[in-house]
Amino acid sequence: MASNYEKVILACVVLCCMVAVVRCENEDQDLAEGRTFGHHFLKRMSFAVVPTAFVVGVITTLLSALTVVSMKGLGVGVILLVLAVSQIIARSANPIPLPPPVAYAAPAAPSLPILYHKDW
C-alpha cells in the first residue's frame, strides 16, 4: 500500500503530464485538435475539481466514522479479553481460605399490641 507521500507525488506527476500535453497542443497549431486533450481541457478539469473534492470529502468522512466505530468495538473487545484472562488467572490461583462464619443469636422482638384504626 502506497503512503500518502507517494500518492501526492504521483498525483503531481500526472497533473504535470496533463498540463504539458495541453501546452504542447497549444504550441502545435498544425496538428488537429483531439477530443480528449483539447483547447479547453483545463477548463473542463476545473469543472471536475469541485465534485471530485466533494466525493473525496464524503468518503473521508465515512471512513473516519467507520474508524471510530471500529476502534470502539476494539476497545470493548480488549476490555472483555482482559476480564476473561483475569477471571481465568483468579480461578487457577490457590484461593485464600475464608475465616469460619460466626453465628450470633438475634434478640427476640418485643411483643407489641396490635392497634386497628378506622379512618372512615
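I took accessible area as that given by the Shrake-Rupley method with a 1.4 Å probe. On that basis, I found that the accessible surface of the chain in this predicted model comes to about 11,700 Å², with 72% of it belonging to carbon and sulfur atoms.

I next looked up burial: of the 120 residues in the chain, 2% are buried. For secondary structure, I recorded two helices and zero strands.

I then turned to helix 2, which covers residues 41-92. I noted that its 52 residues should span 76 Å at 1.5 Å a residue, and that this agrees with the 73 Å between its end C-alpha atoms. I also noted a bend of about 30° at Val49, with the proline Pro51 following within four residues.

Which residues make the nonpolar surface patch of about 680 Å²? I listed Phe54, Val55, Val58, Ile59, Leu62, Leu63 and Leu66. I checked one of them, Val58, and placed it in helix 2.

Technical notes. Residues numbered from 1 in each chain as written. Predicted model: local features only at pLDDT ≥ 70, side-chain atom pairs only at ≥ 80, totals over all residues. Heavy atoms only, no water. Patch = residues over 30% accessible without salt bridge, like charges linked within 9 Å, V, L, I, M, F, W, Y side chains within 5 Å. Salt bridge = Lys/Arg side-chain N within 4 Å of Asp/Glu carboxyl O. Expected span 1.5 Å × (residues − 1). Bend = angle between axes of the 7 residues up to and from the residue. Buried < 20%, exposed > 50% of the residue type's maximum accessible area, 1.4 Å probe, protein only.
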